Amino acid sequence: MTDRKILKFLWVLGLVLLFPTLLKKPIKEHLIIFLLSSFFNTPLDNYLVSKDRLEYPVRLKNERKFTKGSFLYDSILCPLITVWYYQSTRKIKKLSEIILKTFLFTTPQVVLEALMERFTRTIKYKKGWKWYHSFIGIFLIKLYIRGFVGLINLISNAQHSSEKAKGTH
């Protein structure tokens, strides 16, 4: 399969999975997570490309208009995976279990990236960039987003409880 065909397949896959993922309850949380993931990924990827750490030699035609990085990965695929990660950790309270799930979601994502780096021209590591740099970044961003949305939910629940106690809605 050519690199462009791989990218087209991933676009179709991402778009097919986008709506069922985002429209699953709680929709508001899923949209926030999706957008936060894209918000962190895009500038970080652009920075890494501008510092000549990463390169995307083969991209789809219109993608270059949006970003120096990979619009497909930064704004569709990684945010989808982050929403799935959140869905699987949403009810978990123990930090050790959250960290384990983060590891379990980050590992295949980085393995796939490393395989694509090795066998395609869709991504290239440069200037000492290694798979473990990607692992650390993806892992920390997932944890941060999970913690941030958890904090928002905690504050929201406290406000809701306080309003109920006062008799206002």
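Visitor: How many residues line the second largest pocket, and which lie nearest its centre?
Guide: The lining has 22 residues, with Tyr86, Val149, Gly150, Asn153 and Leu154 nearest the centre. A pocket is an open set of 1 Å grid points over the protein atoms alone, where a 1.4 Å probe fits, with protein on both sides within 12 Å along at least five of seven lines; lining residues have an atom within 4 Å of a point. This is a predicted model: local features need pLDDT of at least 70, side-chain atom pairs 80 or more, and totals for chains, interfaces and linings use all residues. Residues are numbered from 1 along each chain as its sequence is written, and side-chain values use heavy atoms, without hydrogens or water.

Visitor: Why is the pair of Phe39 and Phe40 edge-to-face?
Guide: Because their planes sit at 75°, with the centres 5.5 Å apart.

Visitor: Which kind of pair do Phe40 and Tyr144 form?
Guide: Theirs is edge-to-face, with 90° between the planes and 5.4 Å centre to centre.

Visitor: Is Phe39 buried or exposed?
Guide: Phe39 is exposed, at 57% relative accessible area. Buried means under 20%, exposed over 50%, partly exposed in between (1.4 Å probe, protein chains only).

Visitor: What about Phe40 and Tyr144?
Guide: Phe40 is partly exposed at 25%. Tyr144 is partly exposed too, at 46%.

Terms used: Phe/Tyr/Trp six-rings, centres within 6.5 Å; stacked < 30°, edge-to-face > 60°.
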